[in-house]
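I opened this entry to keep a record of what I looked up, in the order in which I looked it up.

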Amino acid sequence: MLDRITASLPSLAPAEQRVAKLVLQDARAFARLPVRELAERAHVSKPTVVRFCRSMGYDGLADFKLKLAGSVSEGVPFIHRSVDADDKTGDVLVKVVDNAVAAFLQYRNAASTGAVERAAEAIAATWQTGRRIEFYGAGNSGIVAQDAQHKFFRLGVTSISTSDGHMQVMSATLLGPGDCVVIISNSGRTRDLMDAADIARKNGATTIAITASGSPLASACNIHLAADHPEGYDRYSPMVSRLLHLLVIDVVATCVALRIGPALQPLLQQMKDNLHAKRYT
């Protein structure tokens, strides 16, 4: 984001250049300060600050500051620091939570809405035709696959999940045109998941990968939902990638629910009533 601002400097009006230079001098301060103080520091009017933000392609100052804060990990001072053995509980709390928040902000700023739309459309179309929807994962990603099955089941979308490599290969063999499989992996290099993706795709099923950019699994699937978070393997490393994968599933599930539309409402209400009756009677 800062590189783009730097490249845009020559094309900006002199007053807007002063605003841009203020961003480049201290991006964190710019994301935090009110428009009045920003205008004073840049020696411009408040409308000029807003005009600069719009010239960079944002809806206004609020939208620009939100994206800027995410880009520089504003409010997450420990994002580049690992948890240490002598950290107090308060330090651990802040570091682990901030690490997760920073990963979410990075995903929000970098996510491809087009890929999310294609994934949601593929799953919704599979549901509408009554075909198979499956979720595969291994290790931590296997837990995400189970959560995904549960989440979609609550939407009235029947699916299966498996974290067993042999079951994945056998199940993928049974898939065909009109079916859909979502494969979740942090590294995108797990052999069984790669085999399952290859089999499912060759059989004509739509394959969706939630994995790292540039990984073999990303290239092997029809649709790639990039979830980039390098995981550390030291003793105190928080497993943020699993939370990130769950977030991606939440986004896709919500988009699918919107596509299913009003037909979903009576089903959800009946489910809610049945659960309430079971819990409180």
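The notes below go from the domains to the sheet and then to the helix pairs.

**Domains.** I note at the outset that this is a predicted model. I looked up the domain assignment of the protein, which gives domain 1 as 1-72 and domain 2 as 105-277. I then took the centres of domain 1 and domain 2 over C-alpha atoms and found them separated by 38 Å.

**Sheet.** I next asked in what order the five strands of the open sheet lie. The order is β2-β1-β3-β4-β5, and the pairing is parallel. The edge strands, each of which pairs on one side only, are β2 (160-162) and β5 (223-226). From one strand to the next I find a twist that averages 15°.

Helix α9 (residues 140-153) lies across β1 (133-136), β2 and β3, and runs at about 155° to β1. Helix α13 (residues 240-260) lies across β3, β4 and β5, and its direction is at about 140° to β4.

**α7 with α13.** On the α7 side the contact is made by Asn99, Ala100, Ala103, Phe104 and Tyr107, and on the α13 side by Val240, Leu243, Leu244, Leu247 and Val248. Sorting the residues of this contact by class, I get nine nonpolar, one polar and no charged.

**α8 with α13.** For helix α8 (residues 113-128) and α13 I find a packing angle of about 55° and axes 9 Å apart. This pair is therefore oblique as well, and the crossing of α8 and α13 is right-handed. From α8 I listed Val116, Glu117, Ala120, Glu121, Ile123, Ala124, Trp127 and Gln128, which meet Val251, Val252, Cys255, Val256, Arg259 and Ile260 in α13. How many of the residues in the contact of α8 with α13 are charged? The division is ten nonpolar, one polar and three charged residues.

**α2 with α5.** My last pair is helix α2 (residues 14-25) with helix α5 (residues 46-55), which pack at an angle of about 75° with their axes 9 Å apart. That angle makes α2 roughly perpendicular to α5. Here Ala15, Glu16, Val19, Ala20 and Val23 in α2 meet Thr48, Val49, Arg51, Phe52 and Ser55 in α5. By class, the residues of the contact of α2 with α5 divide into six nonpolar, two polar and two charged.

How values were computed. Residues are numbered from 1 along each chain as its sequence is written. This is a predicted model: local features need pLDDT of at least 70, side-chain atom pairs count only at pLDDT 80 or more; totals for chains, interfaces and linings use all residues. Side-chain values use heavy atoms; hydrogens and water are left out. Domain bounds come from an automatic or database domain assignment. Two strands pair if DSSP finds at least two bridges between them. Helices (H or I, at least four residues) and strands (E, at least two) are DSSP runs, numbered from the N terminus. Axes are lines fitted to C-alpha atoms, for helices over the stretch in contact, and angles run from 0 to 180 degrees between N-to-C directions. Contact means heavy atoms within 4.5 Å. Ala, Val, Leu, Ile, Met, Phe, Trp, Tyr, Cys and Pro count as nonpolar, Asp, Glu, Lys and Arg as charged, and the others, Gly among them, as polar. Angles under 35 degrees count as roughly parallel, over 145 as roughly antiparallel, 65 to 115 as roughly perpendicular and the rest as oblique. A crossing is left-handed if the near helix is turned anticlockwise from the far one by less than a right angle, and right-handed if clockwise.
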